[in-house]
Amino acid sequence: MRTPAHGHREVETKFDVSSTFVVPALTGLAGVASTAGPTEEHLDAVYYDTEDLRLARNRITLRRRQGGHDAGWHLKLQNSGAGRDEISRPLDAIERDPSAEGTVPGEFADLVAATTRGRPLAPVARVRTVRRATTLRAPDGRDLAELADDEVHAQTLGTSTTLSRWREIEVEALGDDLDVLPAAGAVLCEAGARPAAGPSKLARALGSRAARPELPELPADGAPAGGTAGEAVRGYLATHTRALLAADARVRLGDPESVHDMRVAARRLRSALRTFQRLFDPAPARALQARLRELNLLLNAARDGEVQLERFTAGIDALDERDLLGPVAARVQGHLRAQHLRGREQALTWMRDAQYLDFVDDLIAFVGEPPYSALGRRPAGPALRAPIRKTDRKLRRRVDRALHTPAGDSQDVALHAARKAAKQLRYASEAATPVYGEHAAKHTRRAKKIQNSLGEHQDCVVAQGVLREFAIAANQAGESSFTYGLLLGGEREQAHLTRDVFAARWPKLSRRRHRRWLH
């Protein structure tokens, strides 16, 4: 599967098979009309990691592979969807100097910097594979998937060496149609294959050393029954710390939406630490909040440029051509693209600084072994209600104050403050959903509706200020400011409409019965 920034999204299923396993015919699968192959390749890969296997423990793979059609350096990163994102670089494009052979490319070292955090990368395993690959094709000749029958010989590198060998089968999707994967898997299992015990060849070669994740993983059914309040919030912190690290690599790649994803992860972490601060030792929790706030402020400029560019471009496209006076689109796009790029460069400069890596180290250490207070060790059920109840009261007070403030700048500020409280309540209820179930889930959805409604109002307010600046700059350049005034009037009207709709919906969203579960 192809993605704009990474070049390849790897979506595959893996199976363990015996040495005598016979691969069944797959042409009978729905959608598979023919096969091509098998072709044989001899692959020799050296895997790189830190001494304590930080990449493997975070499900990241970095290798230098020789042989086959895609010899080169490969970096596989976790993503929020199915599979992993793979970035590849040919050997001859990187290792022109013979002395550079086996040296991790600087680009790849930078992409995993938040995971390695200053630890050197070195060879940790060598995996040699004899691969017999068969391509599954659709009736129209499209390549649907590749079935790789792999005979694997692996050895660990470093202070000790462990040798292992096995046979496995991988089925990787080659397009957007993923239905072929479960269908092929069912046929393989019927023939005697078993779902793979490990996620990758490297994980199997390294064994138990790579099995323990650096961050705790939330169980499938949420917080463990009878767990403490601290454990429940810790699971939430771990989830969004992983999201922050995944977004970090994509920000460095320049992926669309990566700045937004990183900013949201940082906000969730900061909000949870703030709402549930009494569950932890206050000093380290406050220090992390301060660093997360600093990260958010740095990301704001880059993200605001993206959001405003999309908003104003849509507004300009909706206007009648007769109302477009002067180089409006060029001015808007030039200014906001430059703002986004400057903001991204400022964020990257900070992210490449040692202080940022120290912050990530502190965050992972905190989540790995949280400094719980006495309250944090109490049962989750009773202990989490009070902070959520307090946040809910704050939201109601702020909305009441905003709706009783006369229209104008003061009301805009008050509505923005209410939006922040709604966001905090949303994240608090979200963190508690594994403990309280559907009650907290419904509260999360209501808080999200409030946040989105007030967020649209705030976007209109900010847009008006930016359009005033554009109009002033246009006048100073001798251009017409008519179009900017037209757009500003539309934003002002939308702000009034959004405020009035929210005021009408608020009594329903704030009914007392919605909060009974908090008492």
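1. Phe280, Phe366 and Tyr372 make up one aromatic cluster. Rings of Phe, Tyr and Trp (its six-membered ring) pair if their centres lie within 6.5 Å; planes under 30 degrees apart are stacked, over 60 edge-to-face, the rest tilted. The count comes to nine aromatic pairs.

2. This is a predicted model: local features need pLDDT of at least 70, side-chain atom pairs count only at pLDDT 80 or more, and totals for chains, interfaces and linings use all residues. Residues are numbered from 1 along each chain as its sequence is written, and side-chain values use heavy atoms, with hydrogens and water left out.

3. Tyr48 and Trp73 have ring centres 5.1 Å apart and planes at 45 degrees, so the pair is tilted. Tyr48 lies in strand 3 (residues 34-49) and Trp73 in strand 5 (residues 72-78), so the pair ties together parts 25 residues apart in sequence. Strands (E, at least two residues) and helices (H or I, at least four) are DSSP runs, numbered from the N terminus.

4. Trp73 is buried at 0% relative accessibility. Buried means under 20% relative accessible area, exposed over 50%, partly exposed in between (1.4 Å probe, protein chains only). Tyr48, at 6%, is buried.

5. Phe280 and Phe366 form a tilted pair, 5.3 Å centre to centre with 55 degrees between the planes. Phe280 sits in the loop between helix 8 and helix 9, and Phe366 in helix 11 (residues 354-368), 86 residues apart.

6. Helix 9 gives the most, ten residues.
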